[in-house]
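Me: I've got a new model open and I'm still finding my way around. Can we go through it bit by bit?

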Amino acid sequence: MLHYDVIICTKDRPDDILRFQKSLLSQSILPINLIVVDGSVFKNNLKIECENILFYSGINFIYVVSLPGLTYQRNIGCKHISNLAEIVFFFDDDITFCDSLYIEKILHRFSEDLSCEIGWIFGCIINKDGTNQVYVKNDLYQFLFLVAKKFLGLLSRFFLIASSKVYRVLPSG
């Protein structure tokens, strides 16, 4: 199975990050690194609380303080990606996984793609019960959008990816 890292960019939402981490631990395959890039204005105990949650997980936790701005924070996070990571997930800080196989299904789909036709996979996100809490939809394969590499130039411009260097995001944040 493919190795992966997770990058979470956040700002002033420590409770959401802690909820996300607990949800991530429910996944059948855990990441090499969980990289949290925190653009919070107010000091908090997020780093210590995250380390406590992940202590026995085997996940390498990287906590980085940065200026706020989503694309800027993503660039900062990308500087910490493991050399072993073949896939990088960018999740919002307020999601909770409904399916413990969610990441495994995505990794499996990438590993089946021997001709490297898939460039990106987007999962469906839903709000459950009308609350502000966001959940990742269980029925992954019904809601996947698979993007062939021939469309990556267009998507790269749309998502402001600045160069051909993998994981580089335009620092417009």
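Me: Is Arg13 buried, exposed or partly exposed?
Reply: Arg13 counts as partly exposed, at 34% relative accessibility. Buried means under 20% relative accessible area and exposed over 50%, with partly exposed in between (1.4 Å probe, protein chains only). This is a predicted model, where local features need pLDDT of at least 70, side-chain atom pairs count only at pLDDT 80 or more, and totals for chains, interfaces and linings use all residues. Residues are numbered from 1 along each chain as its sequence is written, and side-chain values use heavy atoms, leaving out hydrogens and water.

Me: OK, what does Asp93 form with Arg13?
Reply: A salt bridge, with the closest N and O atoms 2.4 Å apart. The term stands for a side-chain nitrogen of Lys or Arg within 4 Å of a carboxyl oxygen of Asp or Glu. Asp93 sits in the loop between β4 (87–91) and β5 (95–97), and Arg13 in the loop between β1 and α1, so the pair ties together parts that are 80 residues apart in sequence. The helices and strands here are DSSP runs (H or I, at least four residues, for helices; E, at least two, for strands), numbered from the N terminus.

Me: Why would side chains pair like that?
Reply: Side chains of opposite charge can pair when their charged atoms come close.

Me: And Asp93, is that buried or exposed?
Reply: Buried, with a relative accessible area of 5%.

Me: Which salt bridge does Asp94 make?
Reply: Asp94 meets Arg13 in a salt bridge, at 3.4 Å from N to O. That pair links distant parts of the chain, 81 residues apart: Asp94 is in the loop between β4 and β5, Arg13 in the loop between β1 and α1. Asp94 is buried, at 15% relative accessible area.

Me: What about Asp16 and Arg19?
Reply: Their side chains form a salt bridge too, 2.8 Å from N to O. Both lie in helix α1, three residues apart, or about one turn of the helix. Asp16 counts as buried at 17% relative accessibility, while Arg19 is partly exposed at 35%. Salt bridges that share partners join Arg13, Asp16, Arg19, Asp93 and Asp94 into one network.

Me: How many salt bridges does the structure hold?
Reply: Seven.

Me: Switching to the sheet: what's the strand order?
Reply: The order is β3-β2-β1-β4, in an open sheet of four strands with parallel pairing. Two strands pair if DSSP finds at least two bridges between them. The edge strands are β3 and β4, each pairing on one side only.

Me: How many bridges are there between β1 and β4?
Reply: Five, in the parallel sense. In β4, Ile87 is the bridge partner of Tyr4. As for cover, four of the five residues of β4 are buried.

Me: Which strands does helix α3 lie across?
Reply: α3 (residues 70–78) lies across β1, β2, β3 and β4, running at about 145° to β1. Axes are lines fitted to C-alpha atoms, for helices over the stretch in contact, and angles run from 0 to 180 degrees between N-to-C directions.

Me: Last one, which residues of α2 are buried?
Reply: In α2 (residues 46–54), they are Leu46, Cys50 and Leu54. Seen down the helix axis, they fall within an arc of 55°, so they line one face of α2. That arc is taken from the directions from the helix axis to the C-beta atoms. Their cover includes β1 (4–10), α1 (14–24), β2 (33–38) and β3 (60–65), where contact means heavy atoms within 4.5 Å.
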